[in-house]
Amino acid sequence: MDLDLDVKLAIYHHFAETARRPSPEEIAGRVQVDVPAVLDAYQRLRAQRVLVLEEGGASIRMAPPFSGVPTQHVAEVAGKRYFANCAWDVFGVVAALQEPGTVHSRCEQTGEPLRLAVSLGGPEPSDWLFHCAVPAAHWWDDIVFT
Amino acid sequence: MLFFRSEEKVQEWCRAQGIPVRPLVRLEQLWGLATAWYATRLQPDSRRPQPAEIREIFARLGLEGDFWDPQADRFGQG
């Protein structure tokens, strides 16, 4: 496997195991390379739209579906609480972990809480809706806004 | 990419934000999107869908039209 793939997998497995973003030092330890090599890989993965980095390039803002920062979208799976980037990604956490969970979010207009059981067959019946303000062709123009 | 309790609440939110109401997605459709994008994300051979695959995924889920076209140039950020 190449370094970028090793780093990508190390990032995703860190999120899955700990429900928080890894530091470059933690990834360096997992992959057995030095920190500058990890940071170079971060830049290549950012260019491939695998990662969204914080300013400075050393901290992971998004490794979709996982969020490196707290958000209103939380997937509770196997006793851990994972932050997701958006409504799509909070379902994506359950799909990625391949374990049933409970999704917590809210109605953006009223603040009414959403609590939804999600199995590997999908969410429990619900008439809530998903809305995306940005057309698909422009999602990556500003992925944090999207 | 947000959740709403009802179509009425989407309309209220869009009016307040000054943006158009976009196509609404049911949660079972959203689950289809989530699994298509992320079900293999922790595996070594995982990769992001390419535009032709994205169109197929959207069409399979009943999400069609320029809004869902990953390469459409007819929409602004509006």
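In strand 1 of chain B, the residue bridged to A:Phe130 is B:Phe3. That pair belongs to a stretch where strand 9 of chain A and strand 1 of chain B, residues 2-4, run antiparallel over three bridges. Two strands count as paired here if DSSP finds at least two bridges between them. Helices are DSSP runs of H or I with at least four residues, strands are runs of E with at least two, and both are numbered from the N terminus.

Some bookkeeping before I go on. This is a predicted model: local features need pLDDT of at least 70, side-chain atom pairs count only at pLDDT 80 or more, and totals for chains, interfaces and linings use all residues. Residues are numbered from 1 along each chain as its sequence is written, and chains are lettered from A and ligands numbered from 1 in the order in which they are written.

Now the rest of the contact between the chains. It takes 39 residues from chain A and 39 residues from chain B, where contact means that the C-beta atoms of two residues, placed from the backbone, lie within 7 Å. On the side of chain A that touches chain B, at least two residues each come from helix 1 (3-18), helix 4 (87-97), strand 6 (101-106), strand 8 (122-123) and strand 9 (129-131) of chain A. Helix 4 of chain A gives the most, with six residues. By class, that side of chain A has 24 nonpolar, ten polar and five charged residues. For these classes, Ala, Val, Leu, Ile, Met, Phe, Trp, Tyr, Cys and Pro are nonpolar, Asp, Glu, Lys and Arg are charged, and the others, Gly among them, are polar.

Next, chain A by itself. How many helices and strands does chain A have? There are four helices and nine strands. From the N terminus on, the elements of chain A run α-α-α-β-β-β-β-β-α-β-β-β-β. Along the principal axes, the C-alpha atoms of chain A fill a box of roughly 50 × 35 × 25 Å. The radius of gyration of chain A is 16 Å, which agrees with a compact globule of 146 residues, because that would have a value near 15 Å. That radius is taken over C-alpha atoms, and the globule rule is 2.2 Å times the number of residues to the power 0.38. Of the 146 residues in chain A, 42% are buried. Buried means that 20 or more other C-beta atoms lie within 10 Å of the residue's own, exposed means 12 or fewer, and partly exposed is in between, with C-beta atoms placed from the backbone. Among contacts in chain A with a separation of 6 or more, 30% are between residues 24 or more positions apart.

Chain A is divided into domain 1 (3-63) and domain 2 (65-146); the bounds come from an automatic or database domain assignment. The C-alpha centres of the two domains of chain A lie 22 Å apart. Their contact takes eleven residues from domain 1 and twelve residues from domain 2. On the domain 1 side, helix 1 and strand 2 of chain A are the elements that give two or more residues. Strand 2 of chain A gives the most there, with four residues.

On to helix 2 of chain A, residues 24-31. Its buried residues are A:Pro24, A:Ile27 and A:Ala28. They sit on the same side of helix 2 of chain A because they cover an arc of only 105° around the axis, the arc being that of the directions from the helix axis to the C-beta atoms. Their cover includes helix 1 and helix 3 (35-47) of chain A. Just after helix 2 of chain A, A:Gln32 takes a positive phi of about 65°.

Now the sheets. One is an open sheet of three strands in the order 1-2-3 of chain A, with antiparallel pairing. Its edge strands, each pairing on one side only, are strand 1 (52-53) and strand 3 (66-67) of chain A. Strand 1 of chain A is joined to strand 2, residues 60-63, by two bridges, and A:Val52 stands opposite A:Met62.

The other open sheet has five strands in the order 5-4-6-7-8 of chain A, also with antiparallel pairing. Here the edge strands are strand 5 and strand 8 of chain A. Strand 4 (residues 74-77) and strand 5 (residues 80-83) of chain A are joined by four bridges, with A:Glu76 bridged to A:Arg81. These two strands form a hairpin with two residues between them, and A:Ala78 in the turn has a positive phi of about 50°.
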